[in-house]
Protein chains: 2
Amino acid sequence: MFDHPLDPIFYPRSVALVGVSSNPSAGWGGGGFHQAILEMGFNPEAVYPVNPKMEEISGLKCYPTLLDTPDPVDHVISLVPAQVVPSLIDQCVAKRVRSLHLFTAGFSETGDERMAAMEQDTVAKLRAAGIRVIGPNCMGLYVPGSGLAFSRGFPKEPGNVFLLSQSGANASQIISSLARRGVRFSKAVSFGNGADLKAHDFFDYAASDPQTEVVIAYIEGIQDGRAMVETVKRCARQKPTIILKGGLSAAGARAANSHTASLAGSRQVFEALCRQAGAMRAETMNDLLDLTVAITTSAKDIRGRGVALVGGPGGFAVLSSDAIAAEGLDIPPMPEAAKRGLRQFIPVAGTSVNNPIDAHLRTRQQFEDGMRIIAGADGIDVVLSTSFGPGGWIGENEAEQAAGEGPGNRVELNAAAAVELLVNLQDETRVPFVVVQRDSGFEGARGFAYQTAAYQRGIAVFPDVARAARSIRLTLEWRGRREGLPDIF
Amino acid sequence: MFDHPLDPIFYPRSVALVGVSSNPSAGWGGGGFHQAILEMGFNPEAVYPVNPKMEEISGLKCYPTLLDTPDPVDHVISLVPAQVVPSLIDQCVAKRVRSLHLFTAGFSETGDERMAAMEQDTVAKLRAAGIRVIGPNCMGLYVPGSGLAFSRGFPKEPGNVFLLSQSGANASQIISSLARRGVRFSKAVSFGNGADLKAHDFFDYAASDPQTEVVIAYIEGIQDGRAMVETVKRCARQKPTIILKGGLSAAGARAANSHTASLAGSRQVFEALCRQAGAMRAETMNDLLDLTVAITTSAKDIRGRGVALVGGPGGFAVLSSDAIAAEGLDIPPMPEAAKRGLRQFIPVAGTSVNNPIDAHLRTRQQFEDGMRIIAGADGIDVVLSTSFGPGGWIGENEAEQAAGEGPGNRVELNAAAAVELLVNLQDETRVPFVVVQRDSGFEGARGFAYQTAAYQRGIAVFPDVARAARSIRLTLEWRGRREGLPDIF
């Protein structure tokens, strides 16, 4: 039934939450685990809250100790204080659980030698009994297909992206931010101090997980250098792998040490690892988010540096051109034939057909005809559009025809129609289209509806031109560095 | 009455809008000028719409030609097509107006020699009659004190920042974005092609304008190099002056040329200008916005590179530290005495007192005591806090005491109370405080209420740590480059 030794961890049939609290904000999110799991669709009859002081929580029977819960318990989430962990270990062994997630913090990351020793001791005892440990000091598992989650509001639908993160807060931010942009996850794991299961274990798992096509990671330390190099190599060889490393500065390293007891290692070592393995290196959180979008959309298919920038107004186009050039991309002038073609329906005053194209493509027909000419021009590898279509025009007429819908629905219909037009143009011209949703357009319900619709059809959306250009550049450079490695797509 | 030759342009007593349209979106914003002016509080009896096809617009009598309007007309806004401009010129001369704003586009920026000649001819005729011209191809004036505006929704209250911008769209974006962050303007002018009044004229004006304390600019071309150097020098000597230059790349220069007929000039020339003049150079739109906030708040008083970063959670603190270090700023470890002080009320598990300080300062007293220790520590030049106070706690209790208020009011009361606490700490410790409002917190009504409250009390708020750190670094570097120039503050 299980192909990989870690499969049982990601597919538990029952979960016990030890030290569960009715206060949803107890211990930074620790109070909300049972609700998150229930909302994600875990079988409520196999969720066992454990707290001697409560009879019931959220409609579930509460058990005084782990030993009192029904058999079997596959997965235990520890929400108890660190001092209580030793007695919990004995119960886990007696109960023959498969895995323990220590949300519990206060171990090696405190810098206290006694607590670091207790962490080692805990892992040794559990490993001897065949029990694997996630953590301590982490949020644990989000596996939509298994009904596991560590926060409420994560998407229920599974996807193709595997996230591993030492930080729980960063994991939450990555999941929430990417979910709004349309990305869905096969599995995510926040593993904190990594006392037992470490980054390389999860890279190894992600490499062979059939549900995972793309692997993204936030790490603070490299705990076993050789194993890390080998697993990242194996992973990145087969699947796009994007890594953000925290603690590359002295102060960041100090923070990482007190956060997850990580020894951060040098920038050079990390860069060499990514280079040798063919992994993509994210320098910032925005990089990690943007590259994940780029690598799972048609933006990954951009083959050269020629950008057609479509969309005004003028001063915005000027600064956008500078931002694109700053990333080393080109904005080649339109060939004469293309300019003549565009001039047929673009008025002279206040417009430009010479790339950047400050085009007033006011109707659907103009938008289609114009984009066809632009995408087909020599030297154009990607069309970067600052709108989804000709103003608010396109979807709205079509949405009007669909009767009886509310305003939310209408936005979605508009978005779907606008995206359909871009997808058709992309299919026809075989040049990738990328959209920049300016300013406040990127946030808010309307923006998310467009981003999700676009992403679902494989079109990347970025919040500004600079981030779009940077993502294109980093993806191109990554592809260049992969020479000699298998073509992933 | 007028001190500067350009004063009459900024303080007209009457305005005629020639070619006014009832379609608010006619000609990109051209239809909305009269509404913008009326909303800004211009005397409606001195607003004269001119359109032979209309009797009335927005409750104002419409006149068939400029010559039919009452006397005097100080300022004319031309919304007619370029071909109609020659006959409008004659009427302006006959009517003895003081200034003409040519919203009208389609002149030299088209690259058409005939239209470039018409632009020159237009300016020559008007100048001969003593009439100054703003534009063509621009949005013109926003002067809250005079009741002038070119878009609806700009703040009615005047402020201390003068904006000059060749691009109308960028002017709108700068005004809207900064207004949301609390900044207010003495005057703003979008001057497009600058056929008559050019950047150096407005720098000269801003330098001597008593309402103006800070000057910010978006320019695309340097039309008169010597005058530009002299006026920017004079301006930057007396007032903080921030310049964003578009068209520094080849493609950006091409876009600038078709946008405002600007010849963009080289990066080196522009950098040398800023360096010699003691002006701040903004590399991006975000720089221009952020530096304006920095230079008009206590962030301008930061005297060194030592940053105390306060606020978790852990993974966010790690990446934030890296972002701060990437800007060349320091995050010095807390001295032992400060750490001991903080440990008195900060729990061990999941926290750090060693800068970055991932502090759980849960009560008002803890927040005050903690911040006092942090700001007072050796080597700390600025406290960068990722929250406005101890969680949601601070303002809310105080707001509860204020009876009968609605939700909007409550947010404002919370914001005011939170900001008050920071201001008091800043006054007491004499170390500037800067706030980062993460993610979605920066946008939306709640975010704006906090930003405005903070800004009004002189506290800078940035949307992320990287932008805060960059603004601090650029401000420090600018101060360093000003050696030999007068202390502005």
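The model is predicted, so local features need pLDDT of at least 70 and side-chain atom pairs count only at pLDDT 80 or more, while totals for chains, interfaces and linings use all residues. Residues are numbered from 1 along each chain as its sequence is written, chains are lettered from A in the order in which they are written, and side-chain values use heavy atoms, with hydrogens and water left out.

Biologist: What is the radius of gyration of chain A, beside its count of helices and strands?

Modeller: Chain A holds 17 helices and 17 strands, taken as DSSP runs (helices H or I, at least four residues; strands E, at least two) numbered from the N terminus.

Biologist: How many residues apart in sequence are the parts tied together by Glu428(A) and Arg372(A)?

Modeller: Glu428(A) forms a salt bridge with Arg372(A), and the closest N and O atoms are 2.6 Å apart. Because Glu428(A) lies in helix α15 (residues 407–429) of chain A and Arg372(A) in helix α13 of chain A, the parts that the pair ties together are separated in sequence by 56 residues.

Biologist: Is Glu428(A) buried, partly exposed or exposed?

Modeller: Buried means under 20% relative accessible area and exposed over 50%, with partly exposed in between (1.4 Å probe, protein chains only). Glu428(A) has 45% relative accessibility and therefore counts as partly exposed.

Biologist: Which side chain makes a polar contact with Glu220(B)?

Modeller: Glu220(B) sits in the loop between β11 (214–219) and α7 (225–238) of chain B. Glu220(B) is buried yet without a salt bridge, and the nearest side chain of opposite charge (Lys and Arg count as positive, Asp and Glu as negative; His and the chain ends are not counted) is Lys245(B), 8.1 Å away. A polar contact (a pair of N or O atoms within 3.5 Å; within protein, one must be able to donate a hydrogen and the other to accept it, and residues adjacent in sequence count only if both atoms are side-chain atoms) of 2.6 Å joins the side chain of Glu220(B) to that of Thr260(B).

Conventions. A salt bridge is a side-chain nitrogen of Lys or Arg within 4 Å of a carboxyl oxygen of Asp or Glu.
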